[in-house]
Amino acid sequence: MSRNVILAHLAVFLTIVLFAQTVPAAEKPTSKMFSGMSYIDNGKIRLGVDLDIGGAITYLAESDKRVNVINSYDWGRQVQMSFYSGPIPFEPNGKKPAKHWAKLGWNPIQSGDYKAFKSKVIAHTNDKKTIYLKCIPMQWPLNNEPGECTFECRLSLEGKTVRVWSRLNNARTDKTQYTGRSQELPAVYTNGPLYRLMSYTGDKPFTGAKPSRIPKIRKPWDKFEATECWSALINDKGWGLGVWHPGRYKTLGGFAGKPGAGGPKDNPTGYISPLHSEILDHNIKYEYSYVLILDSLANIRKYVYKNAKRPTPPNYVFKTDRQHWVYRNATDTGWPIKGELHVKLDKNDPHMLSPLSFWQASQAPKLYITAAFKTKQTHAVIMWRSYGKGYAGNHIAFKITGNGKYQTYVINLSDSPNYKGAVTQLRLDPVSKGAKGDFVKVRSITFTKPSKQK
């Protein structure tokens, strides 16, 4: 099985943010050809990116042992960037995708396409401490179709970790706003010896509760909630590769093929991908950061415990982005976001979904929604997803003013007997049924009382 993904923080968190802020401005494409491997080595681990396939990570090993853990059976493996949007199927200028991959839709990836046409690196620097690169990706489901976008990455080493900043720069001619879809942030593929998928998925994160092996229910990958935001693929000795993406709870992972043996060019592979559902506008600049940890399972988790920000009730303030919210049966006015989400409510059952998160209901009894509703309807509904249970019975209707003017609505969630225990997601239904000209503008959805705004 190659690439079946269709089913689809404090100290280090701050260093990730600072790391991203040092990324150079977008570089102009160059006719210079970049090829071969580019390595950095800090004496503990050695990292290599392949400039022949978009600069994807194809090599990661301990410096002294030089046993590579990254799988490169085809161009859909490696550790790489991969994004999804519409339309489905994606048929630029009438070109048809492979039938097996048609349901992936718009899917540029860093390495190349399913026919082994390679992505092109157009900028690269390596000062022996940090690698920077920029590439034109290929559309995985199509035969030799470059993406109307560029990918950027910046990679550096710290101890036994790799810190990676990544950015998608979209420049699509199709300006349609497609439904938000799960994004691989990133896609990570390991070799056969690292076959045991481990994480903590319980409702008591950061308490030292025992992590567990993720069972294989469906083949080859399964979705699960990594409530400490890390997962790892390890060998029989408990050593392997951890992936930590702060704030990314939903994860896809598993193992395909015969476990326990095989190298970078062999078919058996483990897979981990932290996920977020995102709307990828035609002109968006979308970036994220994550950490790879090459160590024992105990030390992988220890690293996360030392550096992670503990989960608290979320505060979503829509100043410059959507804060990972997506819509169903609705669209907004597009990128860039300027201080608010302006969501058009002209379809049936329009609603807004927050990203997966994790908080205790007892810590967040009241929700504050600063919004302007333009509608003849008189009530909106807020729903919440209980850990391990879903949305059933979890909702409160609240009265709204439909004159299009901003106000802050205070919803006392603790009034509901169902608002208890761990909570992982919010859903806002601004109206029950859309109508032409209806909209909602949202500045913030928070569990902290917002300051007064003009």
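How many of the 11 residues of strand S11 are buried? Some notes follow, starting with that one.

1. Strand S11 (residues 181-191) has 11 of its 11 residues buried, so the strand is largely enclosed by the rest of the structure. Buried here means under 20% relative accessible area, with exposed being over 50% and partly exposed in between (1.4 Å probe, protein chains only). Strands (E, at least two residues) and helices (H or I, at least four) are DSSP runs, numbered from the N terminus.

2. A word on what we're looking at. This is a predicted model, in which local features need pLDDT of at least 70 and side-chain atom pairs count only at pLDDT 80 or more, while totals for chains, interfaces and linings use all residues. Residues are numbered from 1 along each chain as its sequence is written, and side-chain values use heavy atoms, with hydrogens and water left out.

3. Back to S11 and its pairing. Two strands pair if DSSP finds at least two bridges between them. S11 pairs with strand S18 (residues 269-278) in the antiparallel sense over 8 bridges, and Ser182 stands opposite Ser277 in S18. S4 also pairs with S11 in the antiparallel sense, over 3 bridges; there, Gln80 has Ala187 of S11 as its bridge partner.

4. Have a look at Glu152, in strand S9 (residues 149-158). Glu152 counts as buried because its relative accessibility is 0%. Its side chain makes a polar contact of 2.8 Å with that of Arg167 and another, of 3.0 Å, with that of Asn169. (A polar contact is a pair of N or O atoms within 3.5 Å; within protein, one must be able to donate a hydrogen and the other to accept it, and residues adjacent in sequence count only if both atoms are side-chain atoms.)

5. Salt bridges next: the structure holds 15. The criterion is a side-chain nitrogen of Lys or Arg within 4 Å of a carboxyl oxygen of Asp or Glu. One of them joins Glu228 and Arg301, whose closest N and O atoms are 3.0 Å apart. Glu228 sits in the loop between strand S14 (221-225) and strand S15 (230-234) and Arg301 in helix H2 (residues 297-307), so this pair ties together parts that are 73 residues apart in sequence. Glu228 is buried, with a relative accessible area of 1%, and Arg301 is buried too, at 11%. Salt bridges that share partners also link Glu152, Arg167 and Glu287 into one network.

6. Another salt bridge joins Lys95 to Glu145, with 2.9 Å between the closest N and O atoms. Lys95 lies in the loop between strand S4 (79-82) and strand S5 (108-109), and Glu145 in the loop between strand S8 (138-139) and S9, so parts 50 residues apart in sequence are tied together by the pair. Lys95 is partly exposed, with a relative accessible area of 27%, whereas Glu145 is buried at 17%.

7. Arg46 and Asp41 meet in a salt bridge as well (3.6 Å, N to O). Arg46 counts as buried at 18% relative accessibility, while Asp41, at 28%, counts as partly exposed.

8. For Cys149, the nearest cysteine sulfur is that of Cys135, 8.2 Å away; Cys149 is buried, with a relative accessible area of 5%. For Cys153, the nearest cysteine sulfur is that of Cys135, 7.0 Å away. Cys153 also counts as buried, at 5% relative accessibility.

Terms used: Disulfide = S-S within 2.5 Å.
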